[in-house]
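Please find below my notes on the model under review. They are set out as numbered points for discussion.

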Amino acid sequence: MIFGSAMWLWLGLGVLIPIFIHLWNKKEKKPRLLGTFRFLPEESRAAASRIELHEIPLLLIRMGIVVLVMLLMAELFWQKESEPVQRISIQEVKDGEQIWKKDESGIVELKISAEKINLHGWWNILQQVEHEYLPEYVTVDGGFTQDRFKGNRPYSSASVTWNRVDSLQHQQKILATWIDADKNAKALSQLKTENGVVTNVTDIEGEEALSAENITLILNSENAESINTGLRYAAEMLSISVEERVIPNIAQVEKGESIVNLVELISENGKRDWAEPNKWTGVSFNISGLDTKQVFAESFIETESGEPFFGLNSTDDFIINGQVEAELVSWVYAGIGNALLLHSLKVGEALYPVMEENQLMVNKSSSAIRSAVQPHSARNWLFGLLLLFWVVERMIAPRRGM
Amino acid sequence: MNREPEELELLRSGINLGLLAKHIVDGFMIGRHRGTRRGTGSEFSQYRSYQPGDDLRQVDWKMFARSDRYYIKESETESSVTVRFFLDISASMLYEENGLSRYRYASLVIAVLATIASQQGDSVALHLVNNKEHKSLDGKRGKHHLNRLIHLMDDVTCTGHWPESTEWLTDNINTSSRELWVVCSDLLDGAKRWETFIQLSKSVGHEIQFIQILGHDELHLELENVATVQDPETRAMMNIKTSSVRDKYLQNLYAYLEELKDGLLSPRTDLFLMQMNETVQNSLYEFLKLRERL
């Protein structure tokens, strides 16, 4: 049960009014002499100062009327009983009714019309999904325009993957193309499936292959082996050729004539901190030698205290601010390498919604959730019950003289 | 807009009953029977000088012996009726409506009737009765007696109920002359309670007029929806939901009033119901009109 306007719940205190009226009627007032007292019926004497049995239903009905009015004002929505699910796939569809289904593997699929998304926005939808299903992973496939991210980002414990699907007409979308180490044309493609949008690397031919460019990840041969292992793993994921030689930085990506550098900065008197799990690395890890004076144009990974650890500087070079603890170096650099390569292929912007800073701020106080996903408004039920209660009250009350 | 009758307002304000009664009586055409006339009788009225043509039997010879003049001794002719009022001073007479008690209303009724009777030369007697005390004033004529009668009603505490026996009355019965007994009460103590009273009056050949005074609210139970009411005699108290008990109440009440009518009406007894929302003047006007027809 959720409420659209929870502030009206204070009207619930109104249930005291019928109780008060009933008790007031029972209260002895200043007695009035009545010479014809003995002609009052016997039964009315017995019922003089106690609540009679037949008054209890009337009292309950009147209390019910007050509660129903309160629930109407508070915009009650039924909440479907559902167990927490592991994965939810939210897909934007062009039109039609909302579809909710849960497959055998426990994946819940929600298909929501573009009209409804425009009305409620992704944040509200994400918030309600979080509230109702408590998922671990959420995949969102749809259009990510600015106007669909109004307000602050809701708090969510789920890992959310945003798949931009600009054109819902085509099943597959090519996000980037390049020539791999074996001189084959490769593409990073988005494929719409029943379980959402799957991003993978495929071989391509024909016209699209002609637009592919060579891309190479150059690793500094003087790097620690654990760093190069992580970066090499990232390249293998995308079938990108890797070279190893002595270069001034940790690594660089060469694509056509452009070069993107990956620079590691370690401050001797730097701060120690740690990073929470994020979409690039997926683990928490300790950082040492963190230079708090570094200025980043865009930050991809930040420490728990908000210091930028990995991001882009003003000259479009990737900066690693500090040193990662030894055990997780390969893992973290695999994630960093992935970000570096996707950025170089210019697919990063396509995969995630572009949002302003205020839109990314987590809204921790929002409790009013409009039913965007499962609109089970209780209004009609409440109106029906209210009408029924009112009719019954009118039938009983005059007969009881109350 | 209804203006509250001036008379009830005056009565509530505690005005002297005698004054108000006189004011009301002045509004009536009085003289229901012959009234006072000068002539022979047992009650001395005045002396006057002998005039030629007077009956010599009327000359007071003792006066002649003392004064050596002829005087005719005149007496008031006795009225043929003594009006004996019985006013109920039981607790139920404390019932109030619009700030006016039933006792006060009944007092005015008696004061007016006594004034009329007195002006007609009838002798008037009063008994204030409940089961605990009995105040009475013997039957006499004259203004002073009327004032005493009215004054007697001023200082009374209504308590108890109407006595069950009639022992209090037997000492006061005058069987030598015809009497009209007027009983002013709410008559709510039960029809059977009046049986011995009626039998007593019949045994001595008197006529009884019962005047029953009830409030408008008593007759219609038009109280607020939830009210606490108290029996003035038993002091029992309870809350009632007026609308839910009204039908049954009215059924009980009117059944009793019918029973009362059956029990009280006879060729020599009559019953007249007055409602306290009506002025005494209007009620008595109706009452006297009815008696005139009888």
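1. In this predicted model, H206(B) sits in the loop of chain B that runs between α7 (195–203) and β10 (207–214). Its relative accessibility is 1%, and H206(B) therefore counts as buried, the cut-off being under 20%. The side chain of H206(B) comes to 3.3 Å from the backbone nitrogen of E179(B).

2. F197(B) belongs to the residues with the most contacts inside the largest nonpolar core. If neighbours within four places in sequence are left aside, the contacts of F197(B) are F86(B), W162(B), T166(B), W168(B), L169(B), W181(B), V183(B), I208(B) and F210(B). F210(B) is itself listed among the residues with the most contacts inside that core.

3. The largest nonpolar core comprises 85 residues. Besides F197(B) and F210(B), those with the most contacts inside it are L40(A), L87(B), Y105(B), V109(B) and M153(B). The element that gives the most to this core is helix α4 of chain B (residues 102–119), with twelve residues. Another core, of 40 residues, lies apart from it, and includes L175(A), L238(A), A275(A) and A339(A).

4. Which residues of helix α5 of chain B (residues 143–152) are buried? They are H145(B), L146(B), L149(B) and I150(B). Viewed down the axis of α5(B), these buried residues fall within an arc of 135 degrees, so they line one face of the helix. The exposed residues H144(B) and H151(B) are carried on the face of α5(B) turned away from the buried side. The cover over the buried residues of α5(B) includes, from chain B, α2 (17–25), α4, β7 (123–129) and β8 (134–140).

5. Helix α9 of chain B (residues 242–264) deserves a separate remark. This helix has a kink of about 30 degrees, centred on K248(B). The buried residues in α9(B) are T242(B), V245(B), Y249(B), L253(B), Y256(B), L257(B), L260(B) and L264(B).

6. Some totals for chain B complete the account. The chain contains ten helices and 13 strands, and 49% of its 294 residues count as buried. Considering contacts in chain B between residues at least 6 apart in sequence, 74% of them join residues at least 24 apart. The accessible surface of chain B amounts to about 14,900 Å², and carbon and sulfur atoms account for 47% of that surface.

How values were computed:
Residues are numbered from 1 along each chain as its sequence is written. Chains are lettered from A and ligands numbered from 1 in the order in which they are written. This is a predicted model: local features need pLDDT of at least 70, side-chain atom pairs count only at pLDDT 80 or more; totals for chains, interfaces and linings use all residues. Side-chain values use heavy atoms; hydrogens and water are left out. Helices (H or I, at least four residues) and strands (E, at least two) are DSSP runs, numbered from the N terminus. Buried means under 20% relative accessible area, exposed over 50%, partly exposed in between (1.4 Å probe, protein chains only). A polar contact is a pair of N or O atoms within 3.5 Å; within protein, one must be able to donate a hydrogen and the other to accept it, and residues adjacent in sequence count only if both atoms are side-chain atoms. A nonpolar core is a set of buried Ala, Val, Leu, Ile, Met, Phe, Trp, Tyr and Cys residues joined through side-chain atoms within 4.5 Å. Contact means heavy atoms within 4.5 Å. The arc is that of the directions from the helix axis to the C-beta atoms. Accessible areas come from the Shrake-Rupley method with a 1.4 Å probe; for residues, only the protein chains shown count as cover. The bend at a residue is the angle between axes fitted to the seven residues ending there and the seven starting there.
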